[in-house]
Amino acid sequence: MSTDAVQPLLHQLHAMSREIVLSMVITEEGLDVAHYGNVSDPDHFSAYLFELKLVSQKILNELQLEGVEEIYIRSKSGCISLLPIFEKGYLACLSTPTLGSTKLMMYAYKYINRIYELI
């Protein structure tokens, strides 16, 4: 996995919208591969995102629904989006609430294939 190669892609993702405040690529195990934006402890934060994915999966299993494809949470002060990078990991994006989920996902999906090729 090349952190150095992923970092510029995350920078480009941020350049698409000022409303994206943090993006991270995390592994299937919840480890931080690369991130762009302010986060005090990337390893700790990537573990939180991994736990979010696990909890969401448990909820879907309980409801007898198929696996997690995307997670999107919106609050008054910000949004979290967790998108799979096929079977290799996840792209997490944090944004302001003024950036709609559709636009955020549109931006993110432009980079998922490119990130997949690097990890």
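The bend at a residue is the angle between axes fitted to the seven residues ending there and the seven starting there. Helices (H or I, at least four residues) and strands (E, at least two) are DSSP runs, numbered from the N terminus. The model is predicted: local features need pLDDT of at least 70, side-chain atom pairs count only at pLDDT 80 or more, and totals for chains, interfaces and linings use all residues. Residues are numbered from 1 along each chain as its sequence is written, and side-chain values use heavy atoms, with hydrogens and water left out.

**Helix α3**
- Helix α3 has a kink of about 30°, and the kink is centred on Ile112.
- Buried residues (under 20% relative accessible area; exposed is over 50%, partly exposed in between, with a 1.4 Å probe and protein chains only) in α3 include Leu104, Tyr107, Tyr111 and Ile112.
- The buried residues of α3 pack against α1 (3-16), β1 (20-27), β3 (71-74), β4 (79-84) and β5 (89-95), where contact means heavy atoms within 4.5 Å.

**The sheet**
- An open sheet is formed by five strands in the order β2-β1-β5-β4-β3, with antiparallel pairing; two strands pair if DSSP finds at least two bridges between them.
- Because β2 (32-37) and β3 stand at the edges with a single partner strand each, one side of each has no neighbour in the sheet.
- Seven bridges join β1 and β5 in the antiparallel sense, and Val25 stands opposite Leu91 in β5.

**Ser23**
- Ser23, which lies in strand β1, counts as buried at 0% relative accessibility.
- The side chains of Ser23 and His14 are joined by a polar contact of 3.0 Å (a pair of N or O atoms within 3.5 Å; within protein, one must be able to donate a hydrogen and the other to accept it, and residues adjacent in sequence count only if both atoms are side-chain atoms).

**Positive phi in two loops**
- Most residues other than glycine have a negative phi.
- Gln64, in the loop between α2 and β3, is not a glycine, yet has a positive phi of about 60°; Gln64 is exposed, with a relative accessible area of 72%.
- Phe86, in the loop between β4 and β5, has a positive phi near 50° and is partly exposed, with a relative accessible area of 46%.
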